[in-house]
Amino acid sequence: MTSRLAGILGCLLLAYVASYALGAWLDRQLPNLVPPVATIDGSTLNTSRYYQDQPDTVVAKRPDAEALLDFYTYLDEGGATAYGNWRQARTDLQQATNAFRLRALEIADHTNAGKYLSLLLLILTGLLYFGRALKENRLLTPFLYLGIFVGTAGLYGSLSAPLFTGVVAGSLILYFGGLRLFLPIYHTEWSRMMRPGLTFCAFLLAVMSWRGPELVDYWFWTSPLFRLALVAVILLTLFFHLSILAGALKAAKMDGTTRLFAISMPLGVTTLVVGLFLGFYGQEAGSALVQLNYELVTLPPKTVAGFNPDAPFVLFFAGVMLLILGGIGYFVQKIAR
């Protein structure tokens with residue numbers, strides 16, 4: 001109990017340091033990623049900056065940009081009046097002049113559906129958890145966990161991001177399936193390792209049920225407090241997952257070195273397959289990065305176009321190294337024992 005409390009306090013302290021470092025890094029890197037003057041190009045990064053700065057740029061000749069700005073007013077202020085202004089601007093808009101901005105408007109159109117579906121999934125998750133439907137010894141429990149995780153990812157993509165949702169689903173299946181396949185883990189321990197992920201999902205679902213999925217991106221770019229909370233939840237989720245995993249491997253009479261090598265194997269398989277898939281996705285190199293950004297409208301298109309198109313293969317080679325080192329080390333340690 002003392003070690004767990006120390007770990008929680010350590011995660012909170014690390015979250016504060018990491019969120020501060022992330023904010024400082026973003027302040028330094030933003031001039032290299034986006035133009036000095038923010039524009040309403042549809043990306044959450046640039047549009048959030050524009051909304052925060054409110055420059056004197058005239059946007060009256062771009063009705064789609066005005067409509068998107070009304071939507072960000074709703075994200076920032078909330079309320080029926082702001083939402084009514086956004087819906088009226090969207091109704092009066094005939095067509096968008098920019099394809100990427102049109103995608104942002106399509107996502108904004110799904111705000112109500114994403115908000116209420118997120119609330120529904122959050123309530124359903126609470127009922128399953130507190131109603132003891134997620135007992136560790138049940139065969140369906142891991143599949144229920146995976147359904148909640150993938151559902152949260154799908155809602156974050158406004159139910160219109162198939163590549164993003166598929167990558168998240170595939171990564172989760174590969175990782176948790178690798179834990180069960182490669183390591184001496186029982187079904188109850190396997191289910192217990194997935195449980196910390198509910199904390200992260202509940203956090204995202206609570207935010208998305210407030211004003212829709214785009215609120216996550218908007219607060220990430222504009223609110224240091226939200227970044228701190230997000231980083232803290234991620235670190236706590238990882239801490240509890242790894243502590244449960246380490247405890248299960250320790251119960252299997254593995255020493256510290258063997259446990260480290262063992263964890264590398266499912267991680268290696270996951271990064272290897274995901275990197276290979278993203279690297280060969282589409283007809284051109286880098287198509288996966290462009291498509292992911294188009295689905296989530298996170299960064300400006302020009303910024304993503306400047307990325308190295310072979311970047312996904314970094315994941316592939318990292319996965320190969322993890323799998324080789326982890327596999328060799330694990331079996332050498334096992335033979336030595």
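On a 1 Å grid over the protein atoms alone, a cavity is a set of points where a 1.4 Å probe fits but cannot get out, and lining residues have an atom within 4 Å of a point. Grid points are joined across faces, edges and corners, and a volume is the space filled by probe spheres set on the points. This is a predicted model, in which local features need pLDDT of at least 70 and side-chain atom pairs count only at pLDDT 80 or more, while totals for chains, interfaces and linings use all residues. Residues are numbered from 1 along each chain as its sequence is written, and side-chain values use heavy atoms, with hydrogens and water left out.

**Cavity.** The structure holds 1 cavity of 30 Å³ or more. Select G42, T44, L68, F71, Y72, A104 and E214 to show the lining of the largest cavity, whose volume is about 30 Å³. Helix α3 supplies the largest share of that lining, 3 residues; helices (H or I, at least four residues) are DSSP runs, numbered from the N terminus.

**Cores.** Next, select L68, F71, Y72, F164, F203, M208 and V216, which touch the most other members of the 43-residue largest nonpolar core. Such a core is a set of buried Ala, Val, Leu, Ile, Met, Phe, Trp, Tyr and Cys residues joined through side-chain atoms within 4.5 Å. Helix α3 (residues 63-77) gives this core its largest share, 8 residues. A second, separate core has 24 residues, including I148, Y175, W190 and I244.

Stay on Y72: not counting residues up to four places away in sequence, Y72 touches (heavy atoms within 4.5 Å) S43, T44, T47, S48, Y51, E214 and Y218.

**Rings.** Rings of Phe, Tyr and Trp (its six-membered ring) pair if their centres lie within 6.5 Å; planes under 30 degrees apart count as stacked, over 60 as edge-to-face and the rest as tilted. The structure holds 19 aromatic pairs. Y175 and F176 form an edge-to-face pair, because their centres are 5.2 Å apart and their planes at 70 degrees. Buried means under 20% relative accessible area, exposed over 50%, partly exposed in between (1.4 Å probe, protein chains only). Y175 is buried at 13%, and F176 is buried at 7%.

Now select F280 and F313, another edge-to-face pair, with centres 5.3 Å apart and planes at 85 degrees. F280 lies in helix α13 (residues 256-280) and F313 in helix α16 (residues 312-336), 33 residues apart. F280 is exposed at 61%, whereas F313 is buried at 19%.

Finish with the aromatic cluster of Y51, F71, Y72, Y74, Y83, W86 and Y218.

Note on methods: Helix = DSSP H or I, 4+ residues; strand = E, 2+ residues; numbered from the N terminus. 1 Å grid on protein atoms, 1.4 Å probe; cavity = no way out; pocket = protein on both sides within 12 Å on 5 of 7 lines; lining within 4 Å.
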